[in-house]
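Here is a short tour of a protein model for you to follow with the structure open beside you. We will start with the overall fold and then step inside.

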Amino acid sequence: MPALLPVASRLLLLPRALLSMASGSPPSQPSPASSSGYVPGSVSAAFVTCPNEKVAKEIARAVVEKRLAACVNLIPQITSIYEWKGKIEEDSEVLMMIKTQSSLVPALTDFVRSVHPYEVAESHRDEPCFC
């Protein structure tokens with residue numbers, strides 16, 4: 001089995017793919033901003049939970065088709081424990097890890113909110129969790 005790349009090396013692979021998504025240039029052509037093609041602050045990850053895999057796949061496919069994200073990873077069978085309307089709840093959900101350009105976060109947020117079945121789609125102070 002090949003050795004895993006150091007964390008910093010793996011993180012640099014993602015921005016190049018995201019930058020190529022918007023520019024239309026192949027990932028092998030880095031932007032002039034740096035030799036790796038990475039521009040600090042230009043990429044974001046959004047974490048959104050869904051009630052099941054069907055909903056997660058529908059939303060994931062739509063955000064990629066609309067070019068609001070370069071990639072969405074689905075992580076099935078997570079357990080979420082949270083407070084909702086004064087009660088502690090526990091649910092089995094699917095986690096979407098959405099990789100996008102920071103400039104697309106407002107459009108991505110609006111779209112996910114418009115199609116998501118939850119009253120609040122993965123919230124922290126009523127905002128989606130974008131890191």
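From one end of the sequence to the other, the protein chain follows the pattern α-β-α-β-β-α-β-β. That amounts to three helices and five strands. Please keep in mind that this is a predicted model. The protein chain has 131 residues, and buried residues make up 31% of them. Its accessible surface comes to about 8500 Å², with 58% of that belonging to carbon and sulfur atoms. Taking contacts between residues at least 6 apart in sequence, 61% join residues at least 24 apart.

Now for the helix pair. The axes of helix H2 (residues 53-65) and helix H3 (residues 105-115) come within 11 Å of each other and cross at roughly 145 degrees. This crossing of H2 and H3 is right-handed. Which residues in H2 and H3 meet there? The table lists them by helix.

| Helix | Residues in the H2 and H3 contact |
|---|---|
| H2 | Ile-59, Ala-62, Val-63 |
| H3 | Leu-108, Phe-111, Val-112, Val-115 |

The residues of this contact divide into seven nonpolar, no polar and no charged.

As background, in soluble globular proteins nonpolar side chains tend to be buried together.

Leaving aside residues up to four places away in sequence, Val-112 touches Val-48, Ile-59, Val-63 and Ala-121.

Finally, have a look at Pro-51, which is found in the loop between S1 and H2. Is Pro-51 buried, partly exposed or exposed? Pro-51 counts as partly exposed because its relative accessible area is 30%, and the partly exposed class lies between the limits of 20% for buried and 50% for exposed. Not counting residues up to four places away in sequence, Pro-51 touches Ser-92, Glu-93, Pro-117 and Tyr-118.

Definitions and conventions
Residues numbered from 1 in each chain as written. Predicted model: local features only at pLDDT ≥ 70, side-chain atom pairs only at ≥ 80, totals over all residues. Heavy atoms only, no water. Axes fitted to C-alpha atoms, helices over the stretch in contact; angles between N-to-C directions. Helix = DSSP H or I, 4+ residues; strand = E, 2+ residues; numbered from the N terminus. Left-handed = near helix turned anticlockwise from the far one by under 90°. Contact = heavy atoms within 4.5 Å. Nonpolar A, V, L, I, M, F, W, Y, C, P; charged D, E, K, R; others polar. Buried < 20%, exposed > 50% of the residue type's maximum accessible area, 1.4 Å probe, protein only. Areas by Shrake-Rupley, 256 points an atom, 1.4 Å probe, with all protein chains shown as cover.
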